[in-house]
Amino acid sequence: MIDKDFCLSSYIAFRYIWKDGVDFAEGMHHENFKPYPPEELIPVGTAEEIDRAIHQQIDALYKQHSNLGILLSGGMDSAILASYLRPGSKAYTFTAAGTSIFSADEQRAAYYCSKFGLEHHFVDISFEDYKQYTPIVMKTKCSPVHSIEPQIYKAAILAKDDGVDMMVIGDGADYVFGGMDKLLSKDWRYEDFVKRYISLDPEMVLTNPVYVYQPFEKYRINGDGIDFLGFMNDLCTNESYSSYMNALNTAAMPYCDPYERMVMSKPLDLNRVRNGESKYLIRELYAMKYPEVPVPDKIPMPRPVDMIFKDWEGPSRPEFRQDIPMDQLTGNQKWQLWCAEQFLNGLDG
C-alpha cells in the first residue's frame, strides 16, 4: 500500500514508519526490526546472570568470527560489553571536530580501552558526513532515518576496512533493563504520555498531517491511562532497534547486541528507577567490571545536530508548513525535517 502522507506523518511523530506494508512510493518497501520470539530470550534477574548471558553470547561469536569490534561510548552498556572482548579488538567512539559534546565519551572510552587492551579508533562526524551517508542509509530503509544512522554507518564501513567481521553493540540495555528513566518517571495520563513521547507533532510541521497515533490506543487503559511499559516494549524498542539494524545492514556489517537477547525474569522495580537507579542491574554489573571508578550517569549517545542545524532556516517543500517555529525546535527535530526533505527530494529525482 502506498500512502506518502501517512509515512511522512509517522516518521515525523515516531522517527520511523510503524505500520508494516505501508510505503512512500511504488518499488519501495521499508522493513522494521522483528523481535526475537519470547522462547528464544534469556531470562535474567541478577547482575551475575546478565554476566553469564553476555559471556555465552560473546564466546559463541568468537567461534564464528575472528575479529570482533565494538561501538564504544562512555556509558555503562557498551563499557560492560567491552570487558568481554579479547585484547587487540577494535573499539569505535564518535567524536565531532569543533564541539565538545563527545568529550565525556572520548575520555571514558579511552579508559575502557586501556583497561582491556582494546585498539581505540575515533569516528569524526560532520555535516559533510550527514550529506554523504544519509542518502545511502535512506535508500536501504526506503524512508527518512534516525539521526544516529549515518553515524553508525560511517563507523561500520571504517570498521570493515579495519578487518572487523562482527560488530558488538549495546543499544538494548535501555529498553530491557529500565534505562528510559524520563519515560518511566511516573504513571502517565494518556494524553501527557503521547505528548511526551512523540518526536514532533505532524500538525505543527506538515501541510497534510495524518493521524498516526493508533499504537498508543492499543495501550490505553481506564480511559485516560496508558500501559506505558507495554508501549515502550513495543514501539520504542522497534524504532531504536530498526535504526541500528538498517545502518549496520546497509554497511553489510554483521552485528550482535547481547542485551536484545535478554528479558528480565522479575518485574522492573519502578521505585528504584524513579529514585535514581535506572538500569539498576546494569549498574551492579558495571561496578563488578569497573570497581575502581564511579558508576557513570546515563548518557544518551550524542549527535552533533544542535551545532550543525543551529542556523538552518527550515524546509521549503510544499509538504511542510511555512510557519514552523524553527527557533523552538531542538537539533534532533530540525534534523528530522532536513532528513525528510532530503528523502522527498530523492523521490522527485
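**Notes on the predicted model**

1. Two bridges link strand β5 (residues 166-168) with β8, and the two run parallel. Across that pairing, Val168 sits opposite Cys256 in β8. Strands here are DSSP runs (E, at least two residues; helices are H or I, at least four residues), numbered from the N terminus, and two strands pair if DSSP finds at least two bridges between them.

2. Before going on, the ground rules: this is a predicted model, where local features need pLDDT of at least 70, side-chain atom pairs count only at pLDDT 80 or more, and totals for chains, interfaces and linings use all residues. Residues are numbered from 1 along each chain as its sequence is written, and side-chain values use heavy atoms, with hydrogens and water left out.

3. Now the sheet as a whole. It is open, built from five strands in the order β4-β3-β2-β5-β8, with parallel pairing. At its edges are β4 (119-124) and β8 (255-256), each of which pairs on one side only. Strand β2 (residues 68-71) joins β3 in the parallel sense through three bridges, and Ile70 stands opposite Ala91 in β3.

4. The C-alpha atoms of Pro296 and Gly75 are 6.6 Å apart, although 221 residues separate the two along the chain. Leaving out residues up to four places away in sequence, Pro296 touches Gly74, Met76, Arg108, Tyr112, Arg283 and Tyr286 (contact means heavy atoms within 4.5 Å).

5. Finally, the overall picture. The chain has 15 helices and nine strands, and its C-alpha atoms fill a box of roughly 55 × 50 × 35 Å along the principal axes. Buried residues make up 56% of the 349. Among contacts with a separation of 6 or more, 74% involve residues 24 or more positions apart.

Notes: Buried means under 20% relative accessible area, exposed over 50%, partly exposed in between (1.4 Å probe, protein chains only).
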